[in-house]
Number of protein chains: 2
Amino acid sequence: MNRDLGYTENQLKLARFSKALGHPVRVFIIELLLKQACCYSGDLTEILPIAKSTLSQHLKELKDAGLIQGEIESPKIKYCINRDNWNLARKLFNNLYK
Amino acid sequence: MNRDLGYTENQLKLARFSKALGHPVRVFIIELLLKQACCYSGDLTEILPIAKSTLSQHLKELKDAGLIQGEIESPKIKYCINRDNWNLARKLFNNLYK
DNA sequence: ATTTTTGTTCGTGTTTTTACGAATAATAAT
DNA sequence: ATTATTATTCGTAAAAACACGAACAAAAAT
């Protein structure tokens with residue numbers, strides 16, 4: 001049974017984006033990427049107090065939500081903000097109180 | 001073991017607020033409260049396709065996160081946005097990309 | 001004093017999230 | 001061809017989120 005029918009597309013999207021931001025690690029990552037354009041996941045492993053497999057999961061979460069994207073630079077992967085979706089998230093959030 | 005040490009207060013707060021907004025029902029509620037000042041939980045029961053006990057949980061979630069507050073008007077409860085925290089959430093989110 | 005109205009809490013079950021280490025995959029470097 | 005580097009996937013476990021109906025609590029109305 002799909003309870004999501006009945007919510008607008010925008011409500012669903014905003015909930016999705018918000019959920020992706022709903023963990024300190026992921027806030028940290030987004031914050032970093034907004035400040036410094038890009039980073040490698042290895043960089044994050046050194047900073048963050050979590051296992052690399054856990055980090056990978058968080059990155060996947062952000063990627064699946066559309067907030068970031070990864071570009072392969074073998075053997076590394078360069079992560080950046082997905083600007084289109086980030087702007088959409090901003091818009092959806094800021095439109096709430098207008 | 002507390003992994004939250006190591007994150008800033010603002011990162012933790014933003015994650016908390018985001019998490020609270022991370023469900024369509026809760027986005028819906030916040031949206032409504034921003035539009036029309038206040039509402040009774042009974043009003044929501046009629047609009048939303050969920051059990052009242054489930055709604056109660058979502059309201060509690062929003063309340064615990066500090067995004068809304070309830071005022072007793074027996075036997076009803078009038079819910080409103082918690083403006084201070086909402087403004088803080090706005091600020092924290094919008095400061096991300098500055 | 002009952003009954004009605006309104007919401008929360010309880011008990012339960014299912015699903016999702018979070019986390020880890022070990023195993024794996026893919027490419028680069030030797 | 002091996003080895004090293006980098007990151008994901010797998011297997012597992014514990015905790016939290018989500019949802020429901022039934023039971024309960026509190027105050028208002030009768």
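Modeller: Axes here are lines fitted to C-alpha atoms, for helices over the stretch in contact, with angles from 0 to 180 degrees between N-to-C directions. Helices are DSSP runs (H or I, at least four residues), numbered from the N terminus. This is a predicted model, and local features need pLDDT of at least 70. Residues are numbered from 1 along each chain, and chains are lettered from A.

Biologist: Why is H1(B) called roughly antiparallel to H4(B)?

Modeller: Helix H1 (residues 9–20) and helix H4 (residues 52–65) of chain B cross at roughly 160°, their axes coming within 9 Å. Angles over 145 degrees count as roughly antiparallel. Therefore H1(B) is roughly antiparallel to H4(B).

Biologist: Which residues of H1(B) meet H4(B)?

Modeller: Arg16(B), Phe17(B) and Ala20(B) meet Glu61(B), Leu62(B), Asp64(B) and Ala65(B). Contact means heavy atoms within 4.5 Å.

Biologist: What makes H1(B) and H5(B) roughly perpendicular?

Modeller: The axes of H1(B) and helix H5 (residues 83–95) of chain B cross at roughly 110° and come within 10 Å. The range for roughly perpendicular is 65 to 115 degrees. So H1(B) and H5(B) are roughly perpendicular to each other. In H1(B), Asn10(B), Lys13(B), Leu14(B) and Phe17(B) meet residues of H5(B), including Leu88(B) and Phe93(B).

Conventions. Predicted model: local features only at pLDDT ≥ 70, side-chain atom pairs only at ≥ 80, totals over all residues. Heavy atoms only, no water. Helix = DSSP H or I, 4+ residues; strand = E, 2+ residues; numbered from the N terminus. Parallel < 35°, antiparallel > 145°, perpendicular 65-115°, else oblique.
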